[in-house]
Amino acid sequence: MRVGDTRPLPPPDRKGRVPLETAIARRRSVREFADRPLSPEQIGQICWSAQGITDAKEGLRAAPSAGALYPVELYLVTKEGVDHYEPAGHRLRRHRSGDLRPPLRGAALDQEMIEEASACVAIAMVASRVSRRYGDRAETYCLFEVGHVAQNVLLQVEALGLAAVAVGAFDDRRAGRLLKLPRGQRVVYLIPVGFRRAG
Ligand SMILES: Cc1cc2nc3c(=O)[nH]c(=O)nc-3n(C[C@H](O)[C@H](O)[C@H](O)COP(=O)(O)O)c2cc1C
């Protein structure tokens, strides 16, 4: 896959088999991962839980958003490259190629799960999308929204039988430069996701 290429994701499962309460009760931070890639179905489900369109008529998404302005952008950092999730079309677009997990680990106090997990979900926000309407509240609203998105991801990961940890301890400027995020996008949360390493 070359930069700019897109790949469709499998349609999301909207029923699942794990009750919400079970996912909440079982969710735990996991920091040791096996070296195994996620399937397209797992990737699709995770992206959908974060930013998928759940009301096609109105274009509303899985996580709430102040004024439905949707300032959150979702990236997936894997061995192959960095992909950007496009909610309209439920697909990934290759943003960068190559494995950026090792340098991303370097930007995150050398926390090794960022390199070891199959994928690292990077949640970015664009405050200007919200400040036009909500002024000084924009930053706060964006951070709330990132939290909503992150929790959906963590619970979806649990329901899929996968493992994850929320990572806030990283240099966001360095991570943004590394991922070559468009101007105005700030990466605020990282969620390494993968298969729990036995033992
Ligand atoms: C805002 C935030 C930032 C966090 N940053 C990190 C981090 O950088 N590294 C890490 O290993 N865990 C991080 N965590 C995970 C917490 O350590 C973890 O949630 C806590 O120990 C409770 O354990 P539990 O998630 O298993 O319930 C973070 C959690 C939150 C909410």
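Residue numbers start from 1 along each chain as its sequence is written. Because the model is predicted, local features need pLDDT of at least 70 and side-chain atom pairs count only at pLDDT 80 or more, while totals for chains, interfaces and linings use all residues.

**Sheet**

Helices (H or I, at least four residues) and strands (E, at least two) are DSSP runs, numbered from the N terminus. Two strands pair if DSSP finds at least two bridges between them. Seven strands make up an open sheet with antiparallel pairing, in the order β1-β6-β5-β4-β7-β9-β8. Its edge strands, each pairing on one side only, are β1 (6–8) and β8 (163–164).

Strand β7 (residues 119–125) runs antiparallel to β9 (residues 186–194), and seven bridges join them. Within β9, P192 stands opposite C120. Contact between two residues means that their C-beta atoms, placed from the backbone, lie within 7 Å. Axes are lines fitted to C-alpha atoms, for helices over the stretch in contact, and angles run from 0 to 180 degrees between N-to-C directions. Helix α2 (residues 40–51) packs on the sheet and touches β4 (72–78), β5 (81–86), β7 and β9; its direction makes about 160° with that of β4. Helix α7 (residues 172–179) also packs on the sheet, where it touches β4, β5, β6 (91–97), β7 and β9, and its direction makes about 75° with that of β9.

**Strand β4**

A residue is buried if 20 or more other C-beta atoms lie within 10 Å of its own, exposed if 12 or fewer, and partly exposed in between, with C-beta atoms placed from the backbone. Strand β4 is largely enclosed by the rest of the structure, because seven of its seven residues are buried. In a regular strand the side chains alternate between the two faces of the sheet. In β4, V72, L74, L76 and T78 point one way and E73, Y75 and V77 the other way, and all are buried.

Seven bridges join β4 to the antiparallel strand β7, where I123 stands opposite L74. Three bridges join β4 to β5, also antiparallel, and H84 in β5 is the bridge partner of Y75. A hairpin of two residues connects β4 to β5.

**Loop residues with positive phi**

Two residues other than glycine have a positive phi: A68 and D110. A68 is in the loop between β3 (60–61) and β4. D110 is in the loop between α3 (101–106) and α4 (113–116).

| Residue | Phi | Other C-beta atoms within 10 Å | Class |
|---|---|---|---|
| A68 | near 50° | 11 | exposed |
| D110 | near 60° | 9 | exposed |

G4 lies in the segment before β1. G4 counts as exposed because it has 8 C-beta neighbours inside 10 Å. Its C-alpha atom is separated by 6.2 Å from that of H95, 91 residues apart along the chain. Leaving aside residues up to four places away in sequence, G4 touches R93 and R94.

**Ligand shell**

A residue is near a molecule if its C-beta atom, placed from the backbone, lies within 6 Å of it. Around the ligand are R28, S29, R31, Q111, V165, A166, V167, G168 and A169. By class, this shell has four nonpolar, three polar and two charged residues. Ala, Val, Leu, Ile, Met, Phe, Trp, Tyr, Cys and Pro count as nonpolar, Asp, Glu, Lys and Arg as charged, and the others, Gly among them, as polar.
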